[in-house]
Amino acid sequence: MHVCCNAEDNQYLVRVNPTLEFIITSTDIAATGAAATLLIFNNEKGFSRQNIESICSVGQSTKKGNRSSGYIGEKGIGFKSVFLVTAQPYIFSNGYQISFNENPCPQCSLGYIVPEWVEEKPTRLLDIKQIYGKDSLPTTTLVLPLKADKINSVKQQLSSIHPEILSFLSKIRDFSVREDNEDPKMESVTTVSISSEINSAAKKNLNAESYTIHLSAGENGNDEKVCSYYM
Ligand SMILES: Nc1ncnc2c1ncn2[C@@H]1O[C@H](COP(=O)(O)OP(=O)(O)OP(=O)(O)O)[C@@H](O)[C@H]1O
Ligand SMILES: [Mg+2]
């Protein structure tokens with residue numbers, strides 16, 4: 001999923017543990033009539049004005065020519081892949097609250113890239129906070145009301161995320177996926193929670209970077225397994 005690439009490219013304050021969380025909920029957060037909404041939480045520094053300008057354009061990546069600095073993205077189109085699964089993505093970040101629409105805006109006949117300011121509807125953010133389960137939200141929250149015919153494939157993709165994902169995402173330390181359903185019996189997504197930490201002792205001996213990954217795929221994360229990766 002492209003959002004993972006952007007989360008890897010994002011910048012993080014030194015004291016935060018870079019975390020990427022996916023929650024798929026049956027609550028219709030954006031009141032668009034969607035039967036499922038994908039919420040993505042990332043505790044990055046958040047969108048700057050340049051990031052907003054870049055995401056509202058095509059081919060204007062803020063990462064252009066910076067591949068050597070470790071960025072994955074640089075074409076400036078990746079985010080648009082969210083339109084495969086949603087007609088109206090929302091971004092809440094650093095005080096910005098905007099949405100995009102795949103349908104052209106009536107005034108300018110342009111779709112996908114024209115941002116619309118989202119009026120603060122207190123219930124919307126309150127709902128998100130409640131589902132997130134903490135008092136404050138991380139800096140960046142994406143809200144993707146899912147297209148009806150894409151819900152199953154998104155659930156499948158979320159359920160089949162492999163622990164190796166953290167080997168590709170070297171900045172992200174904690175990664176999790178869970179489902180929030182009004183009727184818990186209807187839940188069908190496997191809960192995944194992966195965290196990694198550098199094992200400095202092994203690193204010294206093997207001359208390689210070692211990651212310890214705690215995996216839990218149980219109902220309430222009880223049956224946790226630990227495995228190590230060397231890179
Ligand atoms: N989560 C984010 N936080 C901050 N800025 C972001 C985030 N996601 C996207 N951006 C900004 O939006 C721009 C466009 O993102 P997009 O994924 O479309 O392109 P890209 O990552 O630059 O290149 P690519 O097309 O190769 O992915 C980025 O260059 C960045 O400035
Ligand atoms: Mg990208």
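Ser-193 is found in strand 8, residues 192–198. Strands here are DSSP runs of E, at least two residues; helices are runs of H or I, at least four; both are numbered from the N terminus. Is Ser-193 buried or exposed, or partly exposed? Ser-193 counts as partly exposed, because its relative accessibility is 32%. The cut-offs: buried means under 20% relative accessible area, exposed over 50%, partly exposed in between, with a 1.4 Å probe and protein chains only. Ser-193 and Arg-178 are 15 residues apart in sequence. In space, their C-alpha atoms are 8.4 Å apart.

A word on the source. This is a predicted model, in which local features need pLDDT of at least 70 and side-chain atom pairs count only at pLDDT 80 or more, while totals for chains, interfaces and linings use all residues. Residues are numbered from 1 along each chain as its sequence is written, chains are lettered from A and ligands numbered from 1 in the order written, and side-chain values use heavy atoms, with hydrogens and water left out.

Now the ligand. Ligand 1 is surrounded by 18 residues. The closest are Glu-44, Ser-61, Thr-62, Lys-63 and Gly-78. Near, for a residue, means that one of its heavy atoms lies within 4 Å of the molecule or strand.

Which atoms come up against ligand 1? Take Glu-44: a polar side-chain atom lies 2.7 Å from a nitrogen atom of the ligand. Asn-6 places a polar side-chain atom 2.9 Å from a ligand oxygen atom. Gly-78 uses its backbone: an N or O atom lies 2.7 Å from an oxygen atom of ligand 1. Taken alone, ligand 1 exposes 590 Å², and the protein buries 95% of that. Those areas come from the Shrake-Rupley method with a 1.4 Å probe; for residues, only the protein chains shown count as cover.

Where does ligand 1 sit? In the largest pocket. Helix 1 (2–9) and helix 2 (49–55) are the elements that give two or more residues to the shell. Helix 2 has the largest share, three residues. By type, the shell divides into four nonpolar, ten polar and four charged residues. Nonpolar covers Ala, Val, Leu, Ile, Met, Phe, Trp, Tyr, Cys and Pro; charged covers Asp, Glu, Lys and Arg; the others, Gly among them, are polar.

Next, backbone angles. Most residues other than glycine have a negative phi. Ala-31 has a positive phi of about 50 degrees, although it is not a glycine. Ala-31 is in the loop between strand 1 (19–25) and strand 2 (37–42). Ala-31 counts as exposed, because its relative accessibility is 64%. Asn-94 also has a positive phi, near 50 degrees. Its place is the loop between strand 3 (90–93) and strand 4 (96–99). Asn-94 is partly exposed, because its relative accessible area is 42%.

On to Thr-140, in strand 6, residues 140–145. Thr-140 is buried, because its relative accessible area is 5%. Its side chain makes a polar contact with the side chain of Ser-93, at 2.9 Å. A polar contact is a pair of N or O atoms within 3.5 Å; within protein, one must be able to donate a hydrogen and the other to accept it, and residues adjacent in sequence count only if both atoms are side-chain atoms.

Last, Gly-111. Gly-111 is in the loop between strand 4 and strand 5 (116–117). Gly-111 counts as buried, because its relative accessibility is 14%. Phe-100 is eleven residues away along the chain, with 7.8 Å between the C-alpha atoms.

Notes. On a 1 Å grid over the protein atoms alone, a cavity is a set of points where a 1.4 Å probe fits but cannot get out, and a pocket is an open set with protein on both sides within 12 Å along at least five of seven lines; lining residues have an atom within 4 Å of a point. A molecule sits in a cavity or pocket if more than half of its atoms lie within 2 Å of its grid points.
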